[in-house]
Amino acid sequence: MQHIKLFFGANIVLKILGFVSILVVTPIYMRYLGVENYGLYTYITSWIGMLAFFANFGFVEYVNAYACVEQDVKKQRAIVYSGCVAIVGLSLLIATVFLGLVFYHIIDIKMSFAFVVLVVIGAMIHPLFRLGHDLLLGLSLLNPYYSIRIISSVLGMVAIASLVLLQFSLWYFVLWSVVSMGLGSAVYGYVLSKRRVLVFGAFDGNTLREAVPVSLAFAINTGALTAMYFADRYLIVHFLGEYSLGLYATALFMMHAMYNFVYVPCNNYLDGFIKTAVRNENASRVRYFLGLKTYLIVIVLGTVMMSYVVYGRHFLSWYLGEAFVDAHDFVFLLAVAYVLHLIVGSFFEVAVLQDKRANTYRVYINILALVFNVGLNYMWIPMYGVMGAVYATFVTTVVSSVISMMVIQKKYAYQIVTYDMVVYVSIVAIVHTVGYLSWNASYGIVWTFVYSGVSLAVCVMLSMAMPTARGYAKLILNLIRYNRDIRI
């Protein structure tokens, strides 16, 4: 009950802060940077992400997945500390190698050396920042987790607004992102050490050796996704330039913004219940929460994304300015791919928690997706411009998702495409088809919100025709009104 109260209270505060950030701070700094500088910023951060993958090499995913379900305290501490040692060692190695490749012009990188330094530092800090964030959440240390989230959100908004008001260059925006990760890592490490989760000296060579094969599988999976993320941005910059990347990145940014604002709080809360159910081997509870996540992804997040696709062009013009509005041309296929990826990913994440061999299956799928995606990007970006990257993302996501569904259903008996899900998808498709036919391009921003709100309300109401959806609604209302625990 205490966790339920904290969850809803903290997320109300975070929603308010997120609302201010999305409506005020984000458009201010993106308008200030402009499309081309925003494209360069995205290019720089993609390099940070790519190097951070090598510095991480699957240990973040391994530690978070198995330390959070480990019941032996000594073993848990060994997993956490040994993982941190491995990450620090890999970070130093990757930084040295990358600087050597840049210095001797072995790799073609379109940024100044000042940015290269920030890329290296950011790549070294990023894995530890992610690990600290994930462990606090996975171990249900919600009080410090939400306190850090709230304070960092306020500081972040103040810092970004100050950079704009003082008219600092792009370099300082990248610097702030690196500094904020460093501060966050230090705070997460302090909290984990005080809670005796991160215990210095708890290194265990056997634990590290056990982690390497599974971490390698995690690394290939994460690396394939990171490489796909990096490849389209790298190729867009080298074939089309920073301006085109700015538009493509804006389209993806809008998808991520809706995901983070609408779905992440619920997902974080439900993940705690799922990990507990996996630890207790409660299969019916696991399936119930997977069904609830699917419902939220399709009916809530899917409706919001499709409303943006159908009605959102005026909103994007009002939100970021006319210079960014062409990014709306790319959102339909990206939204479909995003929702499909989230649904399949939810089931695969549970399979990995239940069976380490699931990582092996995901390795083969992601390697195939990587080769497929890079090849399509290389062919289609010169032919179709930015839309070529969109086509490549959509086709790769569909192919890899279909293969993943076949594996999950055959190996773990999870039925992803259920009657309920087909009904939910049909509801969203029909409601927005009607909305599209009745929508007029001359309608202003007010009607954008009216149509979007009505679409969400209609989708939710129509979904209540399904008994399972009514059960989800009753559960959520009980949590909000009576702070009851979830009982399946």
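Q: The expected span of a helix is 1.5 Å times one less than its number of residues. With that in hand, how far apart are the end C-alpha atoms of helix α14?
A: We're looking at a predicted model here. Helix α14 runs over residues 419–438, which makes 20 residues, so at 1.5 Å a residue the helix should span 28 Å. The model agrees with that, since the end C-alpha atoms of α14 are apart by 29 Å.

Q: Within what arc do the buried residues of α14 fall, seen down the axis?
A: Start with who is buried: Asp420, Met421, Val423, Tyr424, Ile427, Val428, Val431, His432 and Gly435. Looking down the axis of α14, these buried residues line one face of the helix, because they fall within an arc of 165°.

Q: Which residues are exposed on the other side of α14?
A: The buried residues, including Val423 and Ile427, take one face of the helix. Over on the other side of α14, the exposed ones are Tyr419, Ile430, Val434, Tyr436 and Leu437.

Q: What radius of gyration does the chain have?
A: The secondary structure comes to 16 helices and 0 strands, and the C-alpha atoms fill a box of roughly 65 × 55 × 45 Å along the principal axes. For 488 residues, a compact globule would have a radius of gyration near 23 Å. The chain agrees with that, at 22 Å.

Q: Is Ala219 buried or exposed?
A: Ala219 sits in helix α7, residues 205–239. Buried means under 20% relative accessible area. Ala219 has 0%, so it counts as buried.

Q: How many residues of the lining of the second largest pocket are nonpolar?
A: This pocket holds about 810 Å³ of space and is lined by 27 residues, with Met258, Phe261, Val262, Val304 and Phe449 nearest its centre. Helices that each supply at least two lining residues are α1 (2–56), α8 (242–279), α9 (283–311), α10 (313–320) and α15 (445–463). The lining has 1 charged residue and 6 polar ones, while the nonpolar residues number 20.

Q: Is His105 buried or exposed?
A: His105 lies in the loop between α3 (73–103) and α4 (113–138). Most residues other than glycine have a negative phi, yet His105 has a positive value near 55°. Exposed means over 50% relative accessible area. At 69%, His105 is therefore exposed.

Q: What is the relative accessible area of Arg196?
A: Arg196 is in the loop between α6 (170–194) and α7, where it takes a positive phi of about 60° just after α6. Arg196 counts as partly exposed because its relative accessible area is 45%.

Q: How far does α6 reach from its first C-alpha to its last?
A: This helix has 25 residues, and its buried ones include Phe173, Met181 and Tyr188. At 1.5 Å a residue the expected reach is 36 Å, and α6 comes close to that with 37 Å.

Q: Which residue takes a positive phi just after α13?
A: Helix α13 covers residues 386–412 and has 27 residues. From first C-alpha to last, α13 reaches 38 Å, close to the expected 39 Å. Just after α13, a positive phi of about 60° is taken by Ala413.

Notes. Residues numbered from 1 in each chain as written. Predicted model: local features only at pLDDT ≥ 70, side-chain atom pairs only at ≥ 80, totals over all residues. Heavy atoms only, no water. Helix = DSSP H or I, 4+ residues; strand = E, 2+ residues; numbered from the N terminus. Buried < 20%, exposed > 50% of the residue type's maximum accessible area, 1.4 Å probe, protein only. Arc of directions from axis to C-beta. 1 Å grid on protein atoms, 1.4 Å probe; cavity = no way out; pocket = protein on both sides within 12 Å on 5 of 7 lines; lining within 4 Å. Points joined across faces, edges and corners; volume = space filled by probe spheres on them. Nonpolar A, V, L, I, M, F, W, Y, C, P; charged D, E, K, R; others polar. Rg over C-alpha atoms; globule rule 2.2 N^0.38 Å.
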